[in-house]
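Good morning, and thank you for coming. I ask you to look at the sequence and the structure together while I speak.

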Amino acid sequence: MNKLLPAGGGRGMVRSTPLWLMLVLLFSLALPCWSADSSVVVIANKNLENVAVNRTYLRSLFGMRARTWPSGAAVRVFVLKDNHEVHEKFAKSILKTFPYNLRKIWDSRVFSGVGASPTVVASEAEMYERVSETDNAIGYLTRGLAGPGVKVLELEKI
């Protein structure tokens, strides 16, 4: 029986196997995160005319200051809940602000009587559904969830 075990009675094998196995498991669990595109994109109803959007215009739309598209049509803004991971990514990576700043802007506009806050949806599935079914709507999703019912708006650089 000792002939099958490496020198040292197999103790080295017992110590290295769990570490090796743990590394393989960690790598295999992390791989889908690396390969999947988890970036956030701005979406609009598929019937919306081609609109050039830049960060300043998006901040105005999602800050509820701009109320119409360049065509004059009223904008319908949809957002996820303040603590939703995708909402946080959207605010930080696209609008370059923090979610609490958006909330502060919305609340001040509502409480002062000069504006409204956006429509809050509970999930990305609901976001997709509401934007795809609502004329002149805008929202955001994880890139991989944007389907044929919406158009992805490309952010122009200023």
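Residues are numbered from 1 along each chain as its sequence is written, and side-chain values use heavy atoms, with hydrogens and water left out.

Let me turn to confidence. Among the elements, helix H1, residues 11–35, has the lowest mean pLDDT, 45, whereas strand S3, residues 76–80, has the highest, 96. Over residues 20–37 the pLDDT is below 50, and beyond near neighbours in sequence this stretch has four contacts in the model (contact means heavy atoms within 4.5 Å). Where pLDDT is low, the predicted coordinates should not be read in detail.

As to the overall arrangement, the chain has five helices and seven strands; these are DSSP runs, helices being H or I of at least four residues and strands E of at least two, numbered from the N terminus. Along the sequence the pattern reads α-β-β-α-β-α-α-β-α-β-β-β. Of the 158 residues, 33% count as buried (buried means under 20% relative accessible area, exposed over 50%, and partly exposed in between, with a 1.4 Å probe and protein chains only).

I return to H2, which spans residues 55–62 and has Tyr57, Leu58, Ser60, Leu61 and Phe62 as its buried residues. Asn54 caps the N-terminal end of H2, with a side-chain oxygen 3.1 Å from the backbone nitrogen of Thr56.

Helix H3, residues 85–94, has Val86, His87, Phe90, Ala91 and Ile94 buried. Seen down the axis of H3, these buried residues fall within an arc of 135°, so they line one face of the helix; the arc is that of the directions from the helix axis to the C-beta atoms. They pack against strand S1, H2, S3, helix H4, H5 and strand S5. After H3 comes Lys96, with a positive phi near 60°.

Finally, Ala122 sits in the loop between strand S4 and helix H5. Ala122 is partly exposed, at 44% relative accessible area. Leaving aside neighbours within four places in sequence, Ala122 contacts Leu80, Lys81 and His84.

Key:
Predicted model: local features only at pLDDT ≥ 70, side-chain atom pairs only at ≥ 80, totals over all residues. Polar contact = N/O pair within 3.5 Å; in protein donor to acceptor, adjacent residues only side chain to side chain. pLDDT = per-residue confidence, 0-100.
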